[in-house]
Every structure is written in structure tokens, then in C-alpha cells.
Amino acid sequence: MINIPPELLTNARMHYTYLHEHPELSFAEEQTAAYIRRTLDCLQIQYTNAGPTGIIGFLPGRDTSRTLAFRADFDALPISEKEDHPLISRNPGIMHACGHDGHAALGVVLGLMLAEKKDQLCGRIKLIFQPAEEGCRGGKALASGGELDDVDQLYAIHLGI
């Protein structure tokens with residue numbers, strides 16, 4: 001069993017709660033992207049904007065011959081959320097129905113964990129926050145900018161809901 005520090009769980013819940021309550025549709029994730037950028041700023045992780053609303057964070061490691069990337073998507077769907085639980089979308093008619101709020105929260109927490117150990121990283125790390133996963137347009141927008149050309153391995157997570 002993995003022992004996860006309570007403060008890390010609290011941090012993950014905080015990001016998840018914000019992201020769940022403020023969903024945005026594909027390529028309209030302006031506030032979500034701004035939230036992620038502010039968080040990366042607090043973690044002192046450099047980033048670049050990619051595509052209309054995508055973000056790629058960079059953590060240089062000691063060895064720059066390899067680059068690992070971790071991808072998290074963050075768009076929502078045009079679906080109304082039922083009001084039968086305390087955590088609900090504040091944007092009527094839009095909700096995170098596919099776990100993308102969880103993906104983005106985990107991406108931010110991964111950034112926190114890696115930033116704390118940045119001097120120990122053996123390779124470069126890219127944290128990819130992908131917009132518009134629904135409809136598959138966001139991945140193409142990110143890849144067309146060349147930011148993924150140097151990636152040796154890319155990992156993604158998908159939560160089942």
C-alpha cells in the first residue's frame with residue numbers, strides 16, 4: 001500500500017474541487033488555463049502556451065538527453081449536472097462528466113511532487129495540460145506546434161467514472 005501524505009491529498013482535493021466547479025468547453029478553457037498557469041507560477045515551473053488554451057510545463061533535469069511527458073486533459077462537456085451532491089458545476093449546462101477535472105488536478109499535483117525533487121530528476125519533464133480532448137482537436141493542436149517532437153516517452157492517465 002502506498003503511503004500518501006495527507007497534505008498531498010488535501011492539495012489534490014483543492015485543485016479537483018476548483019476544477020470541477022468551474023468547467024469549460026473545448027478550446028474555451030480560458031479560466032481553467034489561467035488557474036493552471038497560476039498554479040505552475042506558484043510552483044516555479046516554467047511553461048509555454050500551446051494551441052489556443054493548452055499549457056506545457058517544463059522541469060529541466062540533470063540529464064537533458066531524455067524527455068518524459070505527462071499529459072492531463074481539462075475540457076468539459078455540454079451536460080447539465082444533477083444537483084444531488086455538494087460538489088457541483090457553477091457553470092450551468094457544462095460539467096466534467098469524463099474525469100478531466102481529476103486528470104488536471106493530478107497533473108498539477110504531479111507538478112508539485114516533481115518540483116520538490118527537481119534536482120533529482122534524471123531527465124527533462126514536460127507537463128502537458130491538453131485542451132479540447134473531446135473531439136480529439138486538442139491533441140492535434142498541441143502536436144502541431146512541435147512541442148512534443150523531443151518527447152521520448154509520454155504518459156497519460158484516464159479516470160473511469
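This is a stop-by-stop tour of the structure, from the sheet to the cores and then to single residues.

The model is predicted, so local features need pLDDT of at least 70 and side-chain atom pairs count only at pLDDT 80 or more, while totals for chains, interfaces and linings use all residues. Residues are numbered from 1 along each chain as its sequence is written, and side-chain values use heavy atoms, with hydrogens and water left out.

**Stop 1: the sheet**

Start with the strands. Helices (H or I, at least four residues) and strands (E, at least two) are DSSP runs, numbered from the N terminus. Two strands pair if DSSP finds at least two bridges between them. Strands of a sheet pair through backbone hydrogen bonds, either parallel or antiparallel.

Here you find an open sheet of 5 strands with mixed pairing, in the order E1-E2-E4-E3-E5. E1 and E5 (153-156) are at the edges; each has a single partner strand, so one side of each lacks a neighbour in the sheet. Neighbouring strands are turned by 20 degrees against each other on average, direction ignored. Axes are lines fitted to C-alpha atoms, for helices over the stretch in contact, and angles run from 0 to 180 degrees between N-to-C directions.

**Stop 2: strand by strand**

Select E1, residues 46-50. E1 pairs with E2 in the antiparallel sense, over 5 bridges. Look for Asn49, which stands opposite Ile55 in E2. Then go to the turn. This hairpin has 3 residues between the strands, and Gly51 takes a positive phi near 70 degrees.

Move on to E2 and E4. They pair in the antiparallel sense over 5 bridges. Ile56 has Ile128 of E4 as its bridge partner. Contact means heavy atoms within 4.5 Å.

Next, select E3. E3 and E4 pair in the parallel sense over 7 bridges. Leu68 has Ile125 of E4 as its bridge partner. Buried means under 20% relative accessible area, exposed over 50%, and partly exposed in between (1.4 Å probe, protein chains only).

**Stop 3: the cores**

A nonpolar core is a set of buried Ala, Val, Leu, Ile, Met, Phe, Trp, Tyr and Cys residues joined through side-chain atoms within 4.5 Å. The largest one has 24 residues. Show Ile36, Ile45, Leu59, Leu127 and Phe129, which touch the most other members. H1 (6-21), H2 (30-42), E2 (54-59), H3 (100-116) and E4 (124-130) each supply at least two residues of this core. Which element gives the largest share? H3 does, with 7 residues.

Zoom in on Leu59. Not counting residues up to four places away in sequence, Leu59 touches Ile45, Leu114, Ala115, Lys118, Leu121, Gly123, Arg124, Ile125 and Leu127. A second, separate core has 6 residues, among them Ala50, Ala69, Ile128 and Leu142.

**Stop 4: Thr39**

Thr39 is in helix H2. Thr39 is buried, at 12% relative accessible area. A polar atom of the Thr39 side chain lies 2.9 Å from the backbone oxygen of Tyr35. Beyond four places in sequence, Thr39 touches His15 and Val108.

**Stop 5: Glu30**

Stay in helix H2 and select Glu30. With 45% relative accessibility, Glu30 is partly exposed. Glu30 touches Glu24, Arg37 and Thr53, not counting residues up to four places away in sequence. Glu30 and Asn11 are 19 residues apart along the chain, and their C-alpha atoms are separated by 22 Å.

**Stop 6: Gly61 and the cysteines**

Gly61 lies in the loop between E2 and E3 (67-73). Gly61 is buried, with a relative accessible area of 14%. Gly61 touches Leu121, Gly123 and Arg124, not counting residues up to four places away in sequence. Gly61 and Cys122 are 61 residues apart in sequence and 5.3 Å apart in space, C-alpha to C-alpha.

Cys122 itself is exposed, at 52% relative accessible area. Cys42 is exposed too, at 68%. How many disulfides does a search of the whole structure find? The search finds 0; a disulfide is a pair of cysteine sulfur atoms within 2.5 Å.

Note on methods. A polar contact is a pair of N or O atoms within 3.5 Å; within protein, one must be able to donate a hydrogen and the other to accept it, and residues adjacent in sequence count only if both atoms are side-chain atoms.
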